[in-house]
Amino acid sequence: MTAAKPAIEAINIGKDYGTFTALTDVSMQIMPGEFLTLLGPSGSGKTTFLMMLAGFEAVTRGVLKIGGADKTHADAETRGFGMMFQGYALFPHMTVEQNIAFPLKVQKRPNSEIRTRVADMIDLVGLSGHGHKRPSGLSGGQQQRVALARALAYEPPVLLLDEPFSALDKNLRGQMQDELRRIHAQMGTTFVFVTHDQSEALALSSRVAIFEQGKLQQLADPTTVYERPSNRFVAEFLGDINVLPATFEGATSKVGEFSLTLPQAPTASARHIAVRPEKLAIQPDGSQIGLPCVINDRIYMGAQSRLQLTSVADGSPMVIDVKTSDLNHTAEPGQQIRVGWAAEDSLIF
């Protein structure tokens, strides 16, 4: 069986604004039908890269292929991508149906085809009965659905989404994430999505590309980037993590008085062990195994609670997430406990 060709291939892409380098040697393949999220803090280069894919920013260096053809310097119109921005960009004087029909009319599709396609898209995004309304008569979430329907109406091979949910409240944002996941699965269109929200990226994506200071730091599936980050930046950017000074001798490591036998010996440059809060476990009362810590605070979060700790060994701050029902009276501020974790949950930096 012949392997699928990339929908988009970026080869050593770079972008300069005068003397400022915004992107450096970014290379990746985006496969047909995947949901790729570009993730990173503000100024990391993720949106610049998306705008270069769209054709709205010129490529300074490198090659950009679309469907196997060199489109490095092709204009946006010839790329045929759908776009969905932070702002809904709906035409206020048009109804929902007219907004969705607009790109089809620009393409001079037959009227019968336009009517069928608009009806299908309204049903797809769950807006049946709202086709006659103007944007001012819709909620923010409904307007976002119209924008999505319009972007998908002419069946673009790739849909580029630039933080489309940033203006929505938390509950509505969650609903739209669920809808976007469903629509992606149903349509099979290639999605390239920009966000700075880590949980959103992990929940939606088939792969995540993490940017920092204009460089691609890691590109992998959500489980890999979270459980096995390629470097300390990725580890600390994706959720909370405890980074602790450690000593290493072969495969044996020590954090304070807590020893671990790692699956393999780290490199000579290893200086720290990192572990996620949910991977830590409180040792039984009286145990001599684990890292001694003092509880600074206990934060109730419903089914889970977070303990803020200080390592007795070196004063390193730590956090541990545990089931609230598993805590007892000994887990109170001022108390000393021991925490441990499995060697395979250790990340070495």
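What follows is a short chat about aromatic pairs, one serine and a pocket in this predicted model.

Residues are numbered from 1 along each chain as its sequence is written. Because the model is predicted, local features need pLDDT of at least 70 and side-chain atom pairs pLDDT 80 or more, while totals for chains, interfaces and linings use all residues; side-chain values use heavy atoms, with hydrogens and water left out.

Student: How many aromatic pairs does the structure hold?
Tutor: Rings of Phe, Tyr and Trp (its six-membered ring) pair if their centres lie within 6.5 Å; planes under 30 degrees apart are stacked, over 60 edge-to-face, the rest tilted. On that basis, the count of aromatic pairs is eight.

Student: Take Phe49 and Phe211: what kind of aromatic pair do they form?
Tutor: Their centres are 5.8 Å apart and the angle between the planes is 40°. With that angle, the pair is tilted.

Student: How many residues apart in sequence are the parts that this pair ties together?
Tutor: Helices (H or I, at least four residues) and strands (E, at least two) are DSSP runs, numbered from the N terminus. Phe49 lies in helix H1 (residues 46–54) and Phe211 in strand S9 (residues 207–212), so the parts tied together are apart in sequence by 162 residues.

Student: And what kind of pair do Phe258 and Trp341 form?
Tutor: The centres sit 4.9 Å from each other. The planes are at 75°, and the pair is edge-to-face.

Student: Is Trp341 buried or exposed?
Tutor: Buried means under 20% relative accessible area, exposed over 50%, partly exposed in between (1.4 Å probe, protein chains only). Trp341 has a relative accessible area of 6%, so Trp341 is buried.

Student: Which residue's backbone nitrogen does the side chain of Ser311 reach?
Tutor: Ser311 is in strand S18 (residues 304–311), and at 4% relative accessibility Ser311 counts as buried. The side chain reaches that nitrogen at 3.3 Å, and the residue is Ala313.

Student: How far from the ring centre of Tyr226 is Arg276?
Tutor: A charge sits over a ring if NZ of Lys or CZ of Arg is within 6 Å of the ring centre and within 35 degrees of the ring normal. Arg276 lies over the face of Tyr226, at a distance from the ring centre of 4.1 Å.

Student: How many residues line the largest pocket?
Tutor: On a 1 Å grid over the protein atoms alone, a pocket is an open set of points where a 1.4 Å probe fits, with protein on both sides within 12 Å along at least five of seven lines; lining residues have an atom within 4 Å of a point. Phe81, Gly82, Met83, Pro103 and Tyr154 lie nearest the centre, and the lining residues number 22.

Notes: A polar contact is a pair of N or O atoms within 3.5 Å; within protein, one must be able to donate a hydrogen and the other to accept it, and residues adjacent in sequence count only if both atoms are side-chain atoms.
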